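Hi,

Here is the structure I promised to send over.

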Amino acid sequence: MKTKGLETVTTQLGVSRREFIKFCSVVAAGMGLPLGTGEQIAEAVTSAAKRPPVIWLSAQECTGCSESLLRATHPTLEHLILDLISLDYHETLSTPSGHQAEEARAASIKANKGKFILVVDGAIPVKDNGIYCMIAGRTVLDILKESAKECAAIIAIGSCSSWGGVPSADPNPTGATPVHKVLADAGIKTPVINIPGCPPNPYNFLSTVLYYVTFKKLPELDKLGRPLFAYGRLIHENCERRPHFDAGRFATEFGDDNHRKGYCLYKLGCKGPETHANCPSILFGDTGAGTWPVGTGHPCFGCTEQGVGFHKPLFSRASLHMVTPPDTYPHTQEKQGKGATIAGVAVAAAAAGAAFAAASKVADKLGKDDKGSK
Ligand code: SF4
Ligand code: SF4
């Protein structure tokens, strides 16, 4: 089959070849891929004989995941998603509706058996045989199992499909369950990639799809099934307020002087120290610096971390998981300006499960004055 080629596709997208390659290079850099991979991605996605078919199922969700993709302000992002993949079924975006839409889904599954990507947003209710989410007279539980057996891979987009999200908050009346658990319980072994976030960052979705299309394999995942390029680091590691955390400068109330000065939000319940995501690095909405929750003065609430967002109280303090450079955690209970104490650091590190040796080392270092004596 004749391929479309880079020139044709970029003309269709309304961007120059140069702009398109630049965009793909930014995506590649975001995934930590070597220089030159951007061009490889651009060639791969535009030379494919057929756009990769995607079936998008919506379960217990608010459509925020789809909105975050479509409302992205980058001029090419929405086009890239809709023009480079073949979105054969999406309850909100598909032109056909009712039985016609369901027939389109069935026809695409039949024609693309083993080759299509299944995207799922929303949690799957399993209580009472799944009757709390019905589509065209069938439970989404059934539709998911049926579709998952036939696809190449599944992308669980958003915190609801990755972890259960909002619908799974206590007391979880419908038995809202993450996609990977539903499939594991049913013995379906199709790989599931989790792209959590509420809503998820569209670049993380797009990068995952482009990676799969280019290299014909999944990106490296962490133990919770998240792409490492996006979820390999704690938010706390890249946060612009981190120097304030290290120096013991915290906002204690919304709107207080320290909040206005941009101090650390840990005492307001920021879950950055226990949440893995690239929010501070890639931001949201292409509107410049500071466009992410902590950047706007709101604590991270941990939506990308299983068991944190929607489960821990908003204003509870985050667990400190690791001691990272500059290897000193101030005592977060101290009055500001008093500095860290040996006991505070040791307790923080030990409570976080850090190695006892590391905790003692830090405590030992903090207990010494400038000349090194106790
Ligand atoms: Fe909505 Fe958030 Fe769930 Fe996505 S993850 S469907 S944005 S509640
Ligand atoms: Fe940033 Fe939150 Fe960490 Fe403070 S606790 S440095 S606001 S991520």
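Let me start with a helix pair: Gln40, Ile41, Ala44 and Val45 of helix 3 meet Leu210, Val213 and Thr214 of helix 10. Contact here means C-beta atoms, placed from the backbone, within 7 Å, and helices (H or I, at least four residues) and strands (E, at least two) are DSSP runs numbered from the N terminus. By class, that contact has five nonpolar, two polar and no charged residues; Ala, Val, Leu, Ile, Met, Phe, Trp, Tyr, Cys and Pro count as nonpolar, Asp, Glu, Lys and Arg as charged, and the others, Gly among them, as polar. Helix 3 (37-47) and helix 10 (202-215) pack at about 80°, with axes 9 Å apart, and are therefore roughly perpendicular to each other (65 to 115 degrees counts as that). Axes are lines fitted to C-alpha atoms, for helices over the stretch in contact, and angles run from 0 to 180 degrees between N-to-C directions.

Before going on, a word on the source: this is a predicted model, where local features need pLDDT of at least 70, side-chain atom pairs count only at pLDDT 80 or more, and totals for chains, interfaces and linings use all residues. Residues are numbered from 1 along each chain as its sequence is written, while chains are lettered from A and ligands numbered from 1 in the order in which they are written.

Strand 3 (117-121) and strand 7 (153-157) run parallel and are joined by five bridges, with isoleucine 117 opposite alanine 153.

As for ligand 1, 13 residues surround it, the closest being Glu61, Gly64, Gly158, Cys160 and Cys198 (near means a C-beta atom, placed from the backbone, within 6 Å). Helix 4 (64-70) and helix 8 (159-163) each supply at least two residues of that shell.

Overall, the protein has 17 helices and nine strands.

Cheers

Notes:
Two strands pair if DSSP finds at least two bridges between them. Angles under 35 degrees count as roughly parallel, over 145 as roughly antiparallel, 65 to 115 as roughly perpendicular and the rest as oblique. Two residues are in contact if their C-beta atoms, placed from the backbone, lie within 7 Å.
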